[in-house]
Amino acid sequence: MTAVATFYTMYKRRPVGKHHIGVCTNTLCALLGGDAVYDAIAEHLGVGHNEPTADGEFFLERIECQAACTHAPVMTVDWEFMDDVTPTTAVDVLDRLERGEEVWSTRGPRIRNFDATERTLAFASDDLATEGNSVDAKMLAGLTVAAELGMSAPAIPAPSIPAPSSPAQEN
Ligand code: FES
């Protein structure tokens, strides 16, 4: 159990408050404003990397690439995506959460809280897989262009598996 909890960074071994806020500052997000988003949130909350707010409402973390670069810069709230954020829109999300307003991921479900997300990661389905938008035209752009150009991936050859030899032949 300890090995799993320490390997997967989505699990936390200490309380992180009601909402975990992740800001991707890897290369593409940083180039497109991720550092500015992180700085605005850090200043707004008065905390730094891996720190909770005094009221336990938020926990801020610089996170690695979420494979969501299509919509960089990306921030996550309780591991749900907030795409194409700016310093202003990112802080607005925090303000709305603080006021108890309903907030939706830009491509996923309604934001619940970190505890609920952690339960989903560890246990059974939460039935939220179809809630909210999951894929948009920007994410499918490469596939769309490939289809328009009649491109396709080469077939994967079947592996050749040698037939087992019988014990009689081996002697
Ligand atoms: S660099 Fe931020 S999601 Fe990939």
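Strand β2 and strand β3 (residues 58–63) are joined by two bridges and pair in the antiparallel sense; strands count as paired if DSSP finds at least two bridges between them. Within this pairing, Pro52 stands opposite Phe59 in β3.

The model is predicted: local features need pLDDT of at least 70, side-chain atom pairs count only at pLDDT 80 or more, and totals for chains, interfaces and linings use all residues. Residue numbers start from 1 along each chain as its sequence is written.

**Sheet**

β2 and β3 belong to an open sheet of five strands with mixed pairing, in the order β2-β3-β1-β4-β5. The edge strands, each pairing on one side only, are β2 (51–52) and β5 (80–82). Strands of a sheet pair through backbone hydrogen bonds, either parallel or antiparallel.

| Pair | Sense | Bridges |
|---|---|---|
| β2 and β3 | antiparallel | two bridges |
| β1 and β3 | parallel | six bridges |
| β1 and β4 | antiparallel | three bridges |

His19 stands opposite Phe58 in β3, while the bridge partner of Ile21 is Val77 in β4.

**Strand β1**

Six of the six residues of β1 are buried, so β1 is largely enclosed by the rest of the structure. A residue is buried if 20 or more other C-beta atoms, placed from the backbone, lie within 10 Å of its own; 12 or fewer make it exposed, and values in between partly exposed. In a regular strand the side chains alternate between the two faces of the sheet. In β1, one side carries His19, Ile21 and Val23, the other His20, Gly22 and Cys24, and all are buried.

Helix α3 (residues 34–45) packs on the sheet and touches β1 (19–24), β3 and β4 (75–77). Its direction makes about 150° with that of β1; axes are lines fitted to C-alpha atoms, for helices over the stretch in contact, and angles run from 0 to 180 degrees between N-to-C directions.

**Whole chain**

The protein has seven helices and five strands, which are DSSP runs numbered from the N terminus (helices H or I, at least four residues; strands E, at least two). Their order from the N terminus is α-β-α-α-β-β-β-β-α-α-α-α.

The radius of gyration is 22 Å, whereas a compact globule of 171 residues would have one near 16 Å; the value is taken over C-alpha atoms, and the globule rule is 2.2 Å times the number of residues to the power 0.38. Along the principal axes, the C-alpha atoms fill a box of roughly 75 × 45 × 30 Å. Of the 171 residues, 24% are buried.

Among contacts between residues at least 6 apart in sequence, 63% join residues at least 24 apart, a contact being two C-beta atoms, placed from the backbone, within 7 Å.
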